[in-house]
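Reader: I am new to this structure and would like to learn how to read it step by step. Could we begin with what a term stands for, and then turn to the case itself?

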Amino acid sequence: MASLFKAIKNLKNSSAFAKLGDLHTNAMGYRKMGLRFDDLASFETPIMTEALRRLPDDVAYQRLFRIRRALLTSIKQETSIEQDKWTTAENDVRYLTPYVEVTEAEFESHQNFDDLTLSAIPAALKNRNRSS
C-alpha cells in the first residue's frame, strides 16, 4: 500500500503530469479569451464578495476589463480574442486566491468566536478569573 502512495506521489511530481495539466488548462479556453484563472471564480458567496471588495482598485479594474472583453467576444460569437492578447501561463497568476484565503480564515475565526459558549470554557479557567 505504501508503494502505491509513493508511486502516486512520484507521478504527481513528474513532467508528464505537468504537461497533462498544461493541456487541460489550454483546453479550458479561458486564456484564449484573455482571462486569468481567478477571473472564473464565482462571487455569489459572502467570502468571495468580501475578497473582491478587498482587491486593490487597479487589480479590480483589470479584472473587470478582462471579464467585459471576454463577454463582448462571446456576444460576437467569436471563440477567442487576438492571439497577442491571450493570457500566457506566466501571466496567469492567482491574484484573488490570497485574499480569499485570508477572508476564509477571518470568517472561520468569527464563526468560532460566535460558537463559543460558557460550557466550552474549562472549569479551571472559569474559577481562575472569578473575583471574590
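Author: Let us start with the word helix: helices are DSSP runs of H or I with at least four residues, and they are numbered from the N terminus. In this model, which is predicted, Thr73 lies in helix 4.

Reader: How many helices and strands does the chain have?

Author: The chain has six helices and zero strands, so that, read from the N terminus on, its elements run α-α-α-α-α-α.

Reader: What span does helix 4 reach from its first C-alpha to its last?

Author: Helix 4, which covers residues 57-75 and has 19 residues, reaches 27 Å, close to the 27 Å expected at 1.5 Å a residue. After helix 4 comes Gln77, whose phi is positive, near 60°.

Reader: Why does Thr73 count as buried?

Author: A residue is called buried when its relative accessible area is under 20%. Thr73 counts as buried because its relative accessibility is 5%. Leaving aside neighbours within four places in sequence, Thr73 is in contact with Met33, Glu78, Ser80 and Ile81.

Reader: Which residues of helix 4 are buried, and which exposed residues does the face turned away from the buried side carry?

Author: The buried residues in helix 4 are Arg63, Arg66, Ala70 and Thr73. Because they cover an arc of only 95° around the axis, they are on the same side of helix 4. These buried residues pack against helix 3 (46-54), whereas the face turned away from the buried side carries the exposed residues Asp57, Tyr61, Arg68, Leu71, Leu72 and Ile75.

Reader: Where does Asp38 lie, and which side chain of opposite charge is nearest to Asp38?

Author: Asp38 lies in the loop between helix 2 (15-28) and helix 3. For a salt bridge, a side-chain nitrogen of Lys or Arg has to be within 4 Å of a carboxyl oxygen of Asp or Glu. Asp38 is buried yet has no salt bridge, and the nearest side chain of opposite charge, Arg94, is 4.4 Å away.

Reader: Which backbone nitrogen does the side chain of Asp38 reach at 2.7 Å?

Author: At 2.7 Å the side chain of Asp38 reaches the backbone nitrogen of Leu96, and a polar atom of the Asp38 side chain lies 3.1 Å from the backbone nitrogen of Tyr95. Beyond its neighbours within four places in sequence, Asp38 has contacts that include Arg63 and Thr97.

Terms used
Residues numbered from 1 in each chain as written. Predicted model: local features only at pLDDT ≥ 70, side-chain atom pairs only at ≥ 80, totals over all residues. Heavy atoms only, no water. Helix = DSSP H or I, 4+ residues; strand = E, 2+ residues; numbered from the N terminus. Expected span 1.5 Å × (residues − 1). Buried < 20%, exposed > 50% of the residue type's maximum accessible area, 1.4 Å probe, protein only. Arc of directions from axis to C-beta. Contact = heavy atoms within 4.5 Å. Lys, Arg positive; Asp, Glu negative; His and termini not counted. Polar contact = N/O pair within 3.5 Å; in protein donor to acceptor, adjacent residues only side chain to side chain.
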